[in-house]
Structure formats: structure tokens, C-alpha cells
Amino acid sequence: AVAAGHPLTAQAGARALAEGGNAVDACVAAAFAAAVTESPFTGPGSGGFMLIHRASDGSTSLADFFVAGPGLGGGAVPAGGMQEVGVSFGAGTTTQMFLIGPASAAVPGTVAGLEATHMLYGRLPWSELLTPGIELARNGVALTESQAHIHALLDPILRFESEGRRVYSNEDGSLPGVGDRLRFPDLAATLEAIASDGAAALYEGERAQAILATVQGGGGALTAEDLAAYRVEWRRPVEAGFGDYRVLSNPPPSSGGVLIAYGLAILQRLGVSAAGSADALGRLIEVMREQTRARDDAFARDLHDGGLSERLLGEAAQDAALERILASEPGTADPAASGTTHISVLDGDGNAAALSTSTGSGSGVIVPGTGIYLNNMLGEADLVSGAPVPPGRRLTSMMAPTIALDPDGAARLVVGSAGSARLRGAIMQVVVNVLEHGMSVSDAIDSPRVHVDEPEIHCEGGHLAASLDELEELGYELNRWPSRNLFFGGVAAVEVAADGTLAAAGDPRRGGAGVVVSEE
């Protein structure tokens, strides 16, 4: 079973499974397809993580191929040179500001990561896994309603420069809408080169030189040494108990996984009430406030210095959190931005893989002649904290590919989400819905969500009015959204149901899809 942010992404993963591939093969195939179907969010210019669980020995490991700070051999990272662009999620919502341009691009890692995970765990030939993505790039992809909405929302970034206007416009120069077909011949050629030569096609040779010329020409610090020195790092997942399950996620120096583990640990001590009740929502809100409160100066320091997981998952930190909740202490602000895509896979042997990749909000820069859309991670204030990133250092990330194991150590749920700071809440709510409330992954993903953005509590359309009324009576300041919205994340999840069958679901907020591959 495979779930992803676009039906064609999921179908590419399902194709790999049907051809005898395993969970990692499916993730790789789906990822290269997503570079076309979800090009504003992912592609060769992105970074990411893959969490892999092997049924044969019960091991779970995290491949970190997120972006790194540029500037090796080239001096300090420039402080300026980025352009500010505003993006709104719709009428009546707050406009978020993004820093973009060539100087916002960090060292990409996704292609190196997909190659490394495939070399260790893949079963099908590498070149075969790129075939669906190449076909999609050559033939083009018609925009779905969800994708057309995303393109319209991100239009100030996607068509910021001339190359973006060429790639992301109709022939008459207009913004593509539902049913309009986008073709990516330059990206197809790049994917063909990667299929033939592996990651070297991106980190060496003419495409590497094109990337460097584009970034350096726009004031960025990326160097040939950065590309040549980039390596995938393997990490031990952060782990939290939740009921009878072990929940594994992305460890530091990334922040999303440890905050999910921290939130689940506190929620378990508080106890979970009936789904959708004011009591259940109130507990979620208070846990989310604690997750944000945990992001203090010590948190930022310990992400790289070590000891953060042990501190937050220890009794002292959780005791202090419970005291603050009981004292009804006010929350603190949590900056949020960026776009991500996620793929979840379970194969017939019980192996699981969860892959999250991201270009941030996108830099607005497509490298001419390559189709490579660069990330803007150096422009994401939430990731760099306004300070220069040392060359070669991994940036932190909110991305949190997550796997829940049952008491026997078998994969029960594979889940991840888009949504920047909102993704940890989306993942946590789906985990609770499936493992605690017994919902199917489809129902768990479709259920309305909440997000804390002090002083407001954003409540997605679909909540019981009586529950929200009760929350307001308790003093919570609610922003009631009229309907579901991709603001609340884009979850993709697969599960092993109680009867042993597999199920998969993509988030309707993002036009996602799930596919279960028959054994016949």
C-alpha cells in the first residue's frame, strides 16, 4: 500500500510494488514522480528524510538527506540578497512572508538520499524507478483542482523569475488552471541523466555547473565543494510510547519528530477523551501549546549539541508541562512557513518506509536548461533563526516521517504530512485518531483538525459546533474555518488494519491519494 500527495505519485509507487519492488523502491519511484506532479514542493533541488523499518530484523533507521548550509571553500554565507514575497491561504487569512531568490538556496540532498537508500535496501533496478517520473515529465501532467489551487496560491513565487514564468505558464502567458497540462522537458532530461549516472548527474558535471552559475550569479554562496562533499547521514529515530505502541520519528537535529514524541508522551499522561469532544480538543490544544513552548533557546541549541530527546522525554520535563497545563498558562508564538510532500509505504513483506521531502516554499528559481527548482531553506526563518548557517551543517526541519509499531514490533501505521509547523499537529492528530480512537486512516485523515497559533486556535470546518462553543466558554479564542483547508497539513498514511489487510489514504486537502496493490 502507498499513499502520497497526488494520485499519480501514489500510482508510481504502486507500480514499483506491483513489479516486485519493496517499500523503499516504491518511495524512490514515487519521489521522482512527485518531482513532476508536485513540482512546487519537491524535486532534485529539495532535501528530505526517509524512515525505514525492516520486517526481517525489526530494525528502524532514519536517512537524513536534508539540505546543508553552503559556503565550503568559499567564505561566509552572505546575509542579504533575498527577496520578500507574500502568500495568502485565502480571503480572511494571514499573509505569510517568504524570502526567496538564488541566495536562499541551501545544498540539496534528495537525489543523494534516494540513491543511498536504494543502494542499501532497494530491490528493483535504479533506472526502472525513474521511468514513471520521466514519462510524466515528457508527457505532461494536467492540473487537478487541488494542484491548480496550489499553483495559484504560490504563483508569486513560482513565476517570480523569467524561467519560472516560462515553465509555469500557459502558452498565452496565463496562470494554468484545472485541466491545463504542464510539461517539463528539461526536467525529463535531468531525470534521464540521473537514471543513467545516479546522483553524480546532479552533484558533478554540467548540471552542477549550471546550478552553481545560477546560485552564485544571484548572490548565493553555493560552491562546487558543497556539492562534492554532500553525504547522507544515518540516525537513530526518536521514540515515544503511546498506549501499546512504539512511535518512531525523525530525531534531532530536526525538530518535528521529537516534538511529536513529546506531545504524545504528555497526551498519554493527560488521557485521551472521546474524539471530537471539547475535552479532547482542549487537551490537544494544551499539548500543542507545550510543543511550542518547548522551542526555547535551549531547544535550538540542543538540537545540534545533543541531549534534547532525553530531556523532553524525561519525567521532569513532562511533569513541568502538566503543571503548566493545570495552571492554564498562556501559550507562545510559533513561526510557520514552507511546503512539503510526503509518501508512506507498506509492502507485502511488512517493510515500511516514510519519505518526506521539501523545497520549502520554493526559491522561485529554476536552473535554466535543467528543470531543477531550487529550495529556499536559507530564507525560512523558522529553520535558520535569522543567523548564518555554518557551511556543511545540516539545517533543522519540521518534517517528521513517522512509523508506529505494534506490541510485536510490526509496522502498524506509516504517516507523514506537509504543513511546516502545522505538520507535527496534523501527524499527531492522525496518530491519535488511528491508535487511540480506532479510526481508519481515511477517516483519521479526513477528521477536522485544530492548530494553535497564539493567541488564536484555528479550528477546521467540520468540528461539532457544541464542542467549539464549549471551548469558547472556557476562554479559548477560536478562529472557525468554514471548511477543510490545506493550511492544516497534507497527511499521507498507510496502515495494517486489525484483520491484517492494508489500507492507504491521501489527504483530500492536498488532492492526495492512496493505492492498495493486490497480491494477485
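Buried residues are those under 20% relative accessible area, exposed residues are over 50%, and partly exposed residues lie in between (1.4 Å probe, protein chains only). The model is predicted: local features need pLDDT of at least 70, side-chain atom pairs count only at pLDDT 80 or more, and totals for chains, interfaces and linings use all residues. Residues are numbered from 1 along each chain as its sequence is written, and side-chain values use heavy atoms, with hydrogens and water left out.

**View A. Salt bridge between Arg 207 and Glu 206.** A salt bridge places a side-chain nitrogen of Lys or Arg within 4 Å of a carboxyl oxygen of Asp or Glu; the structure holds 29 of them. Here the closest N and O atoms are 3.6 Å apart. Glu 206 is exposed at 63% relative accessibility, whereas Arg 207 is buried at 14%.

**View B. Salt bridge between Glu 286 and Arg 289.** Their closest N and O atoms are 3.2 Å apart. Both residues are buried and belong to helix H13 (residues 278-293), where they are three residues apart, about one turn of the helix. Helices (H or I, at least four residues) are DSSP runs numbered from the N terminus.

**View C. Salt bridge between Arg 509 and Asp 507.** The closest N and O atoms are separated by 2.8 Å. Arg 509 is buried at 7% relative accessibility, and Asp 507 is buried with a relative accessible area of 1%.

**View D. Arg 422, buried without a salt bridge.** Arg 422 is found in helix H18 (residues 421-435). The nearest side chain of opposite charge, Asp 453, is 6.7 Å away. A polar atom of the Arg 422 side chain lies 2.4 Å from the backbone oxygen of Phe 487.

Conventions. Helix = DSSP H or I, 4+ residues; strand = E, 2+ residues; numbered from the N terminus. Lys, Arg positive; Asp, Glu negative; His and termini not counted. Polar contact = N/O pair within 3.5 Å; in protein donor to acceptor, adjacent residues only side chain to side chain.
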